[in-house]
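This report describes one protein chain for a reader who is new to structural analysis. Please keep the sequence and the model in view while reading.

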Amino acid sequence: MTRVFRFTSLATGAALVLATVLATAVAAQGPGPGRMGRSGGPGGPGGRGGPGVAGLPLGQLDLTEAQRTQIRDVMTRHQADGRAAADKLRQAREVQREASQAVPLNEGAIRMAASAVADAEADAAIVQARIHNEVFALLTSEQQAKAKQIADQREARMEQRRKQMEERLRQRQAQ
């Protein structure tokens with residue numbers, strides 16, 4: 001695996017974890033005016049195949065009001081952990097950026113900074129996994145099955161897009 005690919009993978013993963021943690025914090029605040037307790041709309045969290053809160057398409061699962069309340073409680077309980085993980089990740093990425101741009105080059109500092117980013121990403125992923133597990137446990141078996149089906153469909157679409165992008169890249173390189 002090349003360093004650029006690894007760096008890009010880490011950066012993408014960090015961005016996804018950060019976005020999910022921040023979405024969790026927003027969702028913990030409850031529905032806004034006029035949203036009638038729905039978790040997003042078309043194209044919003046959980047709408048039209050989006051991963052939603054805790055990586056689950058909650059807007060597509062016909063949650064009861066009791067489930068919505070329980071999910072908000074889960075989000076509220078983990079809000080401080082999510083913010084702390086996001087802050088740690090942001091700070092680690094800043095240190096890594098500074099180490100990468102330092103003159104003269106200091107490979108040791110870059111490696112330490114990259115390791116700190118990886119640790120921060122792991123911490124954020126653990127917070128996200130805890131939220132996911134707690135929210136998933138609140139769903140009925142039918143909702144869980146539907147969530148898995150939607151996730152499988154989303155994965156299939158992502159794989160199809162990846163293959164299409166690779167094909168376009170091959171075509172451009174052949175020109």
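## Contacts of L61

Leaving aside neighbours within four places in sequence, L61 is in contact (heavy atoms within 4.5 Å) with L139, Q143, K146, A147 and I150.

## Basis of the report

The model is predicted, so local features need pLDDT of at least 70 and side-chain atom pairs count only at pLDDT 80 or more, while totals for chains, interfaces and linings use all residues. Residues are numbered from 1 along each chain as its sequence is written, and side-chain values use heavy atoms, with hydrogens and water left out.

## Overall architecture

The chain has four helices and zero strands; helices (H or I, at least four residues) and strands (E, at least two) are DSSP runs, numbered from the N terminus. Read from the N terminus on, the order of the elements is α-α-α-α.

Of the 175 residues of the chain, 29% count as buried. Here buried means under 20% relative accessible area, exposed means over 50%, and partly exposed lies in between (1.4 Å probe, protein chains only). The chain has an accessible surface of about 11,200 Å², and carbon and sulfur atoms contribute 57% of it; such areas come from the Shrake-Rupley method with a 1.4 Å probe, and for residues only the protein chains shown count as cover. Among contacts in the chain with a separation of 6 or more, 72% join residues 24 or more positions apart.

## Helix α2

Helix α2 covers residues 65-101, 37 residues in number, and reaches 50 Å from its first C-alpha to its last, close to the expected 54 Å. The expected span is 1.5 Å times one less than the number of residues. At H78, α2 bends by about 50°, the bend being the angle between axes fitted to the seven residues ending there and the seven starting there.

Two residues of this helix deserve attention. R68 is placed in α2 and counts as buried because its relative accessibility is 15%. The side chain of R68 makes a polar contact with the side chain of E65 at 3.0 Å; a polar contact is a pair of N or O atoms within 3.5 Å, where within protein one must be able to donate a hydrogen and the other to accept it, and residues adjacent in sequence count only if both atoms are side-chain atoms. A85, also placed in α2, counts as buried because its relative accessibility is 6%. Not counting residues up to four places away in sequence, A85 touches D123, A124 and V127. The C-alpha atoms of A85 and A125 are separated by 8.8 Å, although these residues are 40 residues apart along the chain.

## Helix α4

The 34 residues of α4 should span 50 Å at 1.5 Å a residue, and this agrees with the 49 Å between its end C-alpha atoms. Q143, Q144, A147, I150 and R154 are buried in α4, and the buried residues of this helix pack against α2 and α3.

## Two backbone features in loops

Most residues other than glycine have a negative phi, and most peptide bonds are trans. D62, in the loop between α1 (3-27) and α2, has a positive phi near 50°. D62 counts as exposed because its relative accessibility is 57%.

P104 is found in the loop between α2 and α3. The peptide bond from V103 to P104 is cis, with omega near 5°.
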